[in-house]
Amino acid sequence: MATRSDSAHVHGGSSATEAGRSGLAGPDRSMVRFAAAAGVAGILLEVVMDQLHPAKSPPNDSVAAFLEYSRSSTWTAVHIGQFAGAFLVSLMLLTVARLGAVRRGVVGVLATVGGVAALLYAAVFAVQMAVDGVALKGAVHRWVTATGAADKEAAFLTASAVRDLEKGLGGFFQMLGGISLLALGLSIVVGRLLPRWTGWVASVAGAGLVAGGVLTAHTGFSSTASAVLLGPSLLLLVFVLGVSVPLWRARWLSPEPPRPDRR
């Protein structure tokens with residue numbers, strides 16, 4: 001039978017205990033529960049926005065894709081929704097990182113790397129959504145509405161350049177998301193911060209996202225890159241849902257003490 005201290009170690013330990021090990025304070029129960037809800041809400045929002053995103057034309061076929069995008073009346077709104085979903089998921093990843101960052105040794109190092117990568121992931125994704133949801137939409141509109149042949153060609157070249165920027169940002173945000181998941185997954189496996197199976201899922205998903213990001217950087221939004229990214233994306237869904245349950249319960253964290261009555 002596990003002792004009380006053994007049980008605390010397996011499930012991440014109390015914030016106070018871990019703070020004593022590294023000098024850092026871990027998240028309290030309110031933050032952990034908020035992160036659980038944010039992660040689930042973010043994933044659900046991403047799924048809904050993905051269904052609303054125009055995707056009938058091959059994304060690497062610029063002419064067909066641009067024509068499809070030009071007909072969309074919800075293009076910018078969808079990308080704002082995608083950004084909101086990724087932001088919420090990033091909050092969960094950062095909270096998981098804080099659970100491990102209070103540990104010393106390899107667990108703390110891995111969790112810190114995962115947290116920094118999650119921050120960069122959210123930042124790069126925000127830029128990509130601005131480029132894709134606003135800048136590309138404007139460039140495509142100018143191409144579609146251009147009248148002269150020279151103006152139309154110039155507008156198309158401008159839109160293609162914006163598209164190339166979007167592809168580059170896409171590859172790097174996928175790699176950053178993969179690095180975050182891989183590092184956090186390993187920290188969970190080594191430090192038993194959460195159920196170990198969630199750590200293995202995150203690690204595999206992270207490695208797949210890194211590979212998919214590298215392919216996107218080299219081939220754009222190709223069918224090969226999309227095929228490689230499909231599996232890791234599904235595993236990310238499993239990880240977020242799997243981690244949300246123990247985070248919401250947060251049994252290893254003591255509730256915040258009541259504030260003294262100052263009356």
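1. In which helix does Ile188 lie? Ile188 lies in helix H7, where helices are DSSP runs of H or I of at least four residues, strands are runs of E of at least two, and both are numbered from the N terminus. The model is a predicted one, in which local features need pLDDT of at least 70 and side-chain atom pairs count only at pLDDT 80 or more, while totals for chains, interfaces and linings use all residues. Residues are numbered from 1 along each chain as its sequence is written, and side-chain values use heavy atoms, with hydrogens and water left out.

2. On the overall make-up, the secondary structure comes to nine helices and zero strands, and the pattern read along the sequence is α-α-α-α-α-α-α-α-α. Of the 263 residues in the protein, 46% are buried, a word that stands for under 20% relative accessible area, with exposed meaning over 50% and partly exposed in between, for a 1.4 Å probe and protein chains only. Contact means heavy atoms within 4.5 Å, and among contacts between residues at least 6 apart in sequence, 78% join residues at least 24 apart.

3. To return to Ile188, its relative accessible area of 0% makes this residue buried. When residues up to four places away in sequence are not counted, Ile188 touches Val96, Leu193, Leu194, Pro195, Arg196, Thr198, Gly199 and Phe239. The C-alpha atoms of Ile188 and Ser203 are separated by 9.4 Å, although the two residues are 15 apart along the chain.

4. Which residues does Val240 contact, leaving aside its neighbours within four places in sequence? They are Gly39, Val40, Ile43, Val89 and Met92. Ile43 lies in helix H3 and, at 8% relative accessibility, counts as buried. Not counting residues up to four places away in sequence, Ile43 touches Val89, Leu236, Leu237 and Val240; the C-alpha atoms of Ile43 and Leu236, which are 193 residues apart along the chain, are separated by 8.8 Å.

5. Helix H4 (residues 62-70) and helix H6 (residues 106-145) pack with their axes 9 Å apart and at an angle of about 100°, the axes being lines fitted to C-alpha atoms, for helices over the stretch in contact, with angles running from 0 to 180 degrees between N-to-C directions. H4 and H6 are therefore roughly perpendicular to each other, given that angles of 65 to 115 degrees count as roughly perpendicular, under 35 as roughly parallel, over 145 as roughly antiparallel and the rest as oblique. Val63, Phe66, Leu67, Tyr69 and Ser70 of H4 make the contact with Leu136, Lys137, Val140, Trp143 and Val144 of H6.

6. The buried residues of H4 are Ser62, Ala65, Phe66, Glu68 and Tyr69. Seen down the axis of H4, these buried residues fall within an arc of 160°, so they line one face of the helix; the arc is that of the directions from the helix axis to the C-beta atoms. The buried residues of H4 pack against helix H5 (75-101), H6 and helix H7 (149-191).

7. Gln82 has its place in helix H5 and is buried, with a relative accessible area of 12%. Apart from residues up to four places away in sequence, which are not counted, Gln82 touches Glu46, Met49, His53, Phe125 and Met129.

8. Arg192 has a positive phi of about 50° although it is not a glycine, whereas most residues other than glycine have a negative phi. At 33% relative accessibility, Arg192 counts as partly exposed.
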